[in-house]
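Open the model in your viewer and keep the selection panel at hand. The stops below say what to select next and what is there.

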Amino acid sequence: MPLVLHDNLKREKRVFKPADPQRVTLYACGPTVYNYAHIGNARAAVVFDLLFRVLRAEYGPDHVVYARNITDVDDKIIAAARETGADISEITEKFARIYREDMGALGVMAPNIEPTATGHIKEMIALMARLIEKGAAYAAEGHVLFSVTAYEDYGALSRRSRDDMIAGARVEVAPYKKDPADFVLWKPAKDDEPGWDSPWGRGRPGWHLECSAMIEANLGVTIDIHGGGLDLQFPHHENEIAQSVCANHAPLANYWVHNGFLTMDAEKMSKSLGNVRLVHELLERFPGEVLRLALLSAHYRQPLDWTDRLLEQSRATLDGWYRALLKLADAPDVEASPPEGVIGALRDDMNTPEAFAAMSALVSRANKAESQDDRAQLKAQLRAAGAVLGLLQIDPQAWFQGEDGEADGLSAERIEALLVERREARASKDFARADAIRDELTAAGVVIEDGPQGSTWRRAG
Ligand code: AMP
Ligand code: ZN
């Protein structure tokens, strides 16, 4: 079965055909680096990491170029610098480093290219000059604006009418705009703000312009796949398309792939709602692979509700997979390709639920295998499938020992599992069991605090 992707511009699943199979190009919009990433942000990073791995398996690791940018100039970064008194570069470097570490812990491979917005100001200025020359942009009062009437298909990606777009983007009605839907490519910088000299005065770029310039500079005029979260479809990606197509008279990307939202209690996880769970904090309580498996447990285009139950199930699933590997530890190491059941599911628009079902079937077979040949084959297949999924990367023995070791008390994983069990016991009014669990935790030196948001724990003294 060929690789098939859901192209959100055409709103259909299409067989993936790269323009050049020797150089398949993928771009995903990366983080704005001024604070910690939450697990909703991580969903995008993990989904496009999976796509990167699938493409590498299909075309060979040397034939895929993946760029994920870093937005290191932005109003929110400037505000964070003002609040903390730190330099802008101090903030952006710190949070870019933390982002790489956190995503690395989720098995996200480093992209081939990690362009920064501040590293591409020259390219942005050149792009604006081209747009002005073609009549698709204009300068006004220190700003450069994109003229949406210049692009006939504006709104095609998000399928919005002009009025929807104006309302949806909460576009600023400003006296210097020719049309209220026009968006900013460049804006003037105040003296105490970061800025760069340009033909239109000292200023800084708009977010949408950054991606168009970085894509062209690093990957080319038309790329194979452009990815990002569904919330970026409008206005961000719509505006990227308008800029790039008007400048180059060629499509920006041949496939548009968007991941669905991660939710909590059916609401999108977002800073403005205050319902975020930081990757950094989750990693103190769970191995990265548990979080990764949880993030990939739903199909990437479906919403995914983040719950304790999901985390526990993900841990139990991985424990089962690692247990199978542990039983095969003495089988000889041989080479194998990822089994068709897993890779076939991933080729089908990254159908991870089906791929995980195939993994579990493989694990059942591994548990029953008797001959040394079968055991060696199944071990190799599990490892190969794990490599494409970005899972099963740890030595099985180390997996069960946990990072901090269980010898001197309960591991964080075990404590979390007991807390979930205790909550379930209470919910089903099995108070004897709930109390027994509390006693067990207390005996192990774990202090539980029950609050309105659920229970938290810490190690005593
Ligand atoms: P932001 O920091 O909001 O610019 O988001 C960075 C990336 O995370 C973008 O690709 C967003 O689409 C994605 N993202 C943010 N919140 C969520 C969420 N709740 N679920 C899935 N993706 C998200
Ligand atoms: Zn972008």
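## Stop 1: a loop residue

Select Asp349, which is found in the loop between α11 and α12. This is a predicted model, so treat each value as computed from predicted coordinates. Check the backbone torsions of Asp349: phi is near 55°, a positive value in a residue other than glycine. For context, most residues other than glycine have a negative phi.

## Stop 2: the helices on either side

Now select residues 340-347, helix α11, together with residues 352-368, helix α12. How far apart are the axes of α11 and α12, and at what angle do the helices pack? The axes are 8 Å apart and the angle is about 180°. Because angles over 145 degrees count as roughly antiparallel, α11 is roughly antiparallel to α12.

Show side chains to see who meets whom. On the α11 side, select Gly341, Val342, Ala345 and Leu346. They meet Thr352, Glu354, Ala355, Ala358 and Met359 of α12. By class, the residues of this contact divide into 6 nonpolar, 2 polar and 1 charged.

## Stop 3: the ligand

- Asp231: an N or O atom of the side chain is 2.3 Å from an oxygen atom of ligand 1.
- Met269: a backbone N or O atom lies 2.8 Å from a nitrogen atom of ligand 1.
- Gly229: a polar backbone atom is 3.4 Å from an oxygen atom of ligand 1.

Next, switch to a surface view. Ligand 1 taken alone exposes 480 Å², and the protein buries 85% of that.

## Stop 4: a cis peptide

Select Phe234 and Pro235, which are joined by a cis peptide bond with omega of about 0°. Most peptide bonds are trans. Pro235 lies in helix α7, residues 233-248.

## Stop 5: another positive phi

Finish at Arg159, in the loop between β6 (143-146) and α5 (162-168). Arg159 is not a glycine, yet its phi is positive, about 50°.

Definitions and conventions:
Residues are numbered from 1 along each chain as its sequence is written. Chains are lettered from A and ligands numbered from 1 in the order in which they are written. This is a predicted model: local features need pLDDT of at least 70, side-chain atom pairs count only at pLDDT 80 or more; totals for chains, interfaces and linings use all residues. Side-chain values use heavy atoms; hydrogens and water are left out. A polar contact is a pair of N or O atoms within 3.5 Å; within protein, one must be able to donate a hydrogen and the other to accept it, and residues adjacent in sequence count only if both atoms are side-chain atoms. Accessible areas come from the Shrake-Rupley method with a 1.4 Å probe; for residues, only the protein chains shown count as cover. Axes are lines fitted to C-alpha atoms, for helices over the stretch in contact, and angles run from 0 to 180 degrees between N-to-C directions. Helices (H or I, at least four residues) and strands (E, at least two) are DSSP runs, numbered from the N terminus. Angles under 35 degrees count as roughly parallel, over 145 as roughly antiparallel, 65 to 115 as roughly perpendicular and the rest as oblique. Contact means heavy atoms within 4.5 Å. Ala, Val, Leu, Ile, Met, Phe, Trp, Tyr, Cys and Pro count as nonpolar, Asp, Glu, Lys and Arg as charged, and the others, Gly among them, as polar.
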